[in-house]
Amino acid sequence: MVSMIFRRHTLGLIATLPILPACGTSGDGGGGLVSTSGPTPTPLPRATPTPTATAVNGRPRYHIAAPDGGWINDPQRPVRIGDGWTMWALYNPTWPNGGTEWRRWTSPDLVNWTDRGVAVRRRTTSFGDVWSGSAVVDTNNTAGFGAGTLIALATMPADNAAGQNQSTALWYSRDGGASFTFHAIVHPNFPGNKPFRDPTVFWHAPAARWVMTLSEEGKIGFYTSPDLKQWSYASGFLSNLVGGVMECSHLFRLHLYEADGTTAGDKWVLLVGGDGTASGFTGGTYYWVGDFDGTSFTADGATGRWLDQGADYYAAVVWRDPAAPDPLAAAYTIGWMSNWAYANQLPAPYGYRGQLSIARQLRLQRVGGVPLLRMTPVAAQNEVFQQVVTGSDQTIAEGSDYVWPTGADVVAGRIDLTLNRTAGGWPGGAWLSVRGGDGFFTQVGLELRDNRLFVKRDASGPNPPDSAAWRQNRSAGCDFGDGVAKVSVFVDAGSIEVFVNDGEAVLSDLINAPMSAKSLHLNIAGGSLHVSDVRIST
């Protein structure tokens, strides 16, 4: 939902969210600082690149971002309506004052999104603004508003709801989520817990009832209901690994795949927004794999993992496609690309504050005997790019950097390449720098011998926020033991998202690169490697 305090209400208070290390099948799991960054890139002279269709107006080209002058943060779980998707996000048109409401976007493919305006307006009831929650299609009319009605359950700062705060309100929509009507506070906060927010609801068919997960102090509360109106406490999942309050929780079931593609039954995943500062991480998205019996969730182990090791993947939502041939084969996720350690300090030179990540696919796979979520961009993401430049296969060594093809400069696009180990073994390090120029660059470092990678963004642009969470390199473990590192990097006006080895490691960060910074650079130290399958999509 919001920060550790009433972040939805004012969006002017900063909550510092800590987080633990995670991801990867080797190394220490990531999340710490790396000891060595690559050299500052010095681009080689080359021909002037041909123009591309990349937007250079400073706004993200292929990410949902706040409308001019506004602010967005938490996405609200998309719902399939007809042949497309409807999603909402918390939106404040008068930041830093005024509070949030739900703004709506629609998409045919989870990639191309159209802004449809505000669907749940703030300050239209005595309870003030609207915070995070979830929407469901009430197919069987359990709530009595009509079969197929869209029901949204959302936290509201309901100070006069039986004398309590942070209670759950029910809103309903009969126009596909374009607008909602307030019904009532249906889940009042007794006995008055300060954190009592972010209701996420799903239909549990075996028990024929609705299940809600809710953020409370030190736990995720599980509640059940026959009608989305009357809620009963069922159990709680307790943990203090990722801070005092685990936010924006999602509970979902997926097939568990073996390495050969066969399934090994199903498992449940509990995913939360958490704080890993105490363990050298920052705010992010954490998950456990386990079992759910309709009443309580039991994790397979006491500790879980970070889904994304970057600094800017928070308040993530998860959903499945009910129209898929096998809805349990994969799920989808999208997150808020920011961090409460500096969200309120970020400059807004292009008139917006806040953006979402690209949509990603989740698959649950056993790796090294452990069930892990593998996260990759949805396949349709490539459709936003209009031209592709391919690079030649090259073997490079220290002092002989990769030579990029003409037209390879990128402001907003996708860079794909494969690094292959040579007979001499992995080099000491490889550094891919993007959005370079005017003395600025963002660096993806691959410590291939040590099975680690990192993102360095402290030199990405001018006027960065004064925050350790911004300056620190974020790192992740990844197994390069088979001699191959497949790297996909998505860069946009203000962000970088790195996917390595089919989602074994993912790092998502905001950057503050100027629009003039667009060059690429790849160099190594202490050996050689072979570079292949180079594609630059813009």
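**Figure 1. The salt bridge between Arg457 and Asp312.** In this predicted model, Arg457 and Asp312 form a salt bridge (a side-chain nitrogen of Lys or Arg within 4 Å of a carboxyl oxygen of Asp or Glu), with their closest N and O atoms 2.8 Å apart. Arg457 lies in the loop between strand E27 (452-456) and helix H2 (468-471), and Asp312 in the loop between strand E17 (305-306) and E18, so the pair ties together parts that are 145 residues apart in sequence. Helices (H or I, at least four residues) and strands (E, at least two) are DSSP runs, numbered from the N terminus. Both partners, Arg457 and Asp312, are buried; buried means under 20% relative accessible area, exposed over 50%, and partly exposed in between (1.4 Å probe, protein chains only). Residues are numbered from 1 along each chain as its sequence is written, and side-chain values use heavy atoms, with hydrogens and water left out. Because the model is predicted, local features need pLDDT of at least 70 and side-chain atom pairs count only at pLDDT 80 or more, while totals for chains, interfaces and linings use all residues.

**Figure 2. Further salt bridges.** The structure holds 15 salt bridges. Side chains of opposite charge can pair when their charged atoms come close. Asp68 and Arg59 are joined in this way at 3.1 Å, N to O; Asp68 is exposed at 58% relative accessibility, whereas Arg59 is partly exposed at 22%. Asp458 and Lys456 form another salt bridge, with their closest N and O atoms 2.8 Å apart. Here Asp458 is partly exposed at 33%, and Lys456 is buried at 14%. Lys267, Asp291 and Asp300 belong to one network of salt bridges that share partners.

**Figure 3. The largest pocket.** A pocket is an open set of points on a 1 Å grid over the protein atoms alone, where a 1.4 Å probe fits, with protein on both sides within 12 Å along at least five of seven lines; lining residues have an atom within 4 Å of a point. The largest pocket contains about 900 Å³ of space, a volume being the space filled by probe spheres set on the points. Its lining has 31 residues, of which Val201, Phe202, Trp203, Arg320 and Pro322 are the closest to the centre. Strand E9 gives the largest share of this lining, five residues.

**Figure 4. The second largest pocket.** This pocket has a volume of about 450 Å³. Among its 22 lining residues, Pro347, Pro349, Tyr352, Ile511 and Asn512 are the closest to its centre.
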